[in-house]
Amino acid sequence: MSITTLPIAIQPVAKSRLPEVDVNNVPFGKVFSDHMFIADFDGQTWNDLRIVPYGDVPLSPATSSIHYGQSIFEGMKAYRSDSGDVLLFRPFDNQRRLNLSAERMAMPAVPESIFMDGLCELLRNDKNWIPSKEGSSLYIRPFHFATDDYLGVKASDHYKFMIITTPVGPYYSHPLKVLVEKSFFRAVPGGVGFVKASGNYGRSLYPTQLAKQKGYDQLIWTDGREHKYVEESGTMNLMFVIGDKLITPGLRDTILAGITRDSVLTLARDWGMTIEERPVEVREVVEALEKGTMQDAFGTGTAATIAHISHIGIDDIQYELPPVEKREFSNKVNFELDQIRRGRKEDKHGWVYRVS
Ligand code: COI
């Protein structure tokens, strides 16, 4: 357990909104729990750690993150175990990745103690917002953004680190139709594709809108040089089972190092599966689809968990994948991960963190 040197001031809500909300039946990311955590960076140190009622944050119109994009975030989930404990999944990995993003975006690191203590205190206050329904959880959004009111282009001196939470069910309600994107790029070598910079998501919206007009749910991004290799999908890393091998694009600076991605690979390794983490050519995806050797394709992510892919579109051809019920690996790993996250199965890798 980390030790915070700074106290966290708590201002509880006068009246909880919880009685008005059915946490087991809410749309993703639209209903927020009673409180939020805030810490301010003043140019030198993090200060004024506080839990306050969820609500608007006053910002200057010149707030530099709005203009120049110094804004990063994480996605995590809290679960309630069958015995009532609040469980987090690999929270220290999120904290480390937030700071990797911070470094790349010239922002100050958030110390582990502030991240973990703020998060745990928030969950202690809002634990009743964790849904009990299978497949649901409390989605946690830590985020960090520049707050200088200054229009010069420079790294900000002031920042806010905040955490909000929202009860959620599945992010995708059905298997996904994905289109291999060959005109636009998500990330380029030397860029920021490997970090959770807000702009990575903003820039993907227009190409995704175009794909939606063609009947697709999401894109498969290809490499920023030749559109020759598949990289990741909209909100997820990508995995394929071709023959008996689990194949996924190897990590590079254009791909986010997903925590769910790593967990799936670790379980697959435990089960003795052959794994290939390497550049994956669009050509070999087409080949496997045409030969019928593509057994399974899915995305992995905190919000998406394991998202089955039902169709892959490449140029003007749309390929249909095997029915979801026949997907041995993705169904098994989805179940296993869910059981571990909910404290129902042995946590061999030390992934589960109990909020005391
Ligand atoms: C997550 O999986 O937590 C993400 O951050 C993806 C998201 C943009 C919904």
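**Helix α6.** I began with helix α6, residues 259–270, in this predicted model. Its 12 residues reach 16 Å from the first C-alpha to the last, close to the 16 Å expected at 1.5 Å a residue; the expected span is 1.5 Å times one less than the number of residues. I took helices (H or I, at least four residues) and strands (E, at least two) as DSSP runs, numbered from the N terminus.

I then looked up how far α6 is covered, and found 9 of its 12 residues buried. Buried stands for under 20% relative accessible area, exposed for over 50%, and partly exposed for the range in between (1.4 Å probe, protein chains only). Among the buried residues of α6 are I259, R261, L265 and A268. After the helix comes G272, with a positive phi near 80 degrees.

**Conventions.** I noted that residues are numbered from 1 along each chain as its sequence is written, and that side-chain values use heavy atoms, with hydrogens and water left out. As the model is predicted, local features need pLDDT of at least 70 and side-chain atom pairs count only at pLDDT 80 or more, whereas totals for chains, interfaces and linings use all residues.

**Aromatic pairs.** I recorded 16 aromatic pairs in the structure. Rings of Phe, Tyr and Trp (its six-membered ring) pair if their centres lie within 6.5 Å; planes under 30 degrees apart count as stacked, over 60 as edge-to-face and the rest as tilted.

F32 and Y54 are stacked, at 4.8 Å centre to centre and 5 degrees between the planes. Y54 counts as partly exposed, because its relative accessibility is 31%.

I next examined F115 and F161, whose pair is stacked because the ring centres are 5.8 Å apart and the planes at 25 degrees. F115 lies in helix α3 (residues 112–126) and F161 in strand β8, so the pair ties together parts 46 residues apart in sequence. F115 is buried at 0% relative accessibility, and F161 is likewise buried at 0%. I also found that ring pairs link F37, F41, W46, F115, Y159 and F161 into a cluster.

**Charges over rings.** I applied the criterion that NZ of Lys or CZ of Arg is within 6 Å of the ring centre and within 35 degrees of the ring normal. The charged end of K332 sits over the ring of W271, 4.1 Å from its centre. R341 lies over the face of F89, at 5.8 Å from the ring centre.
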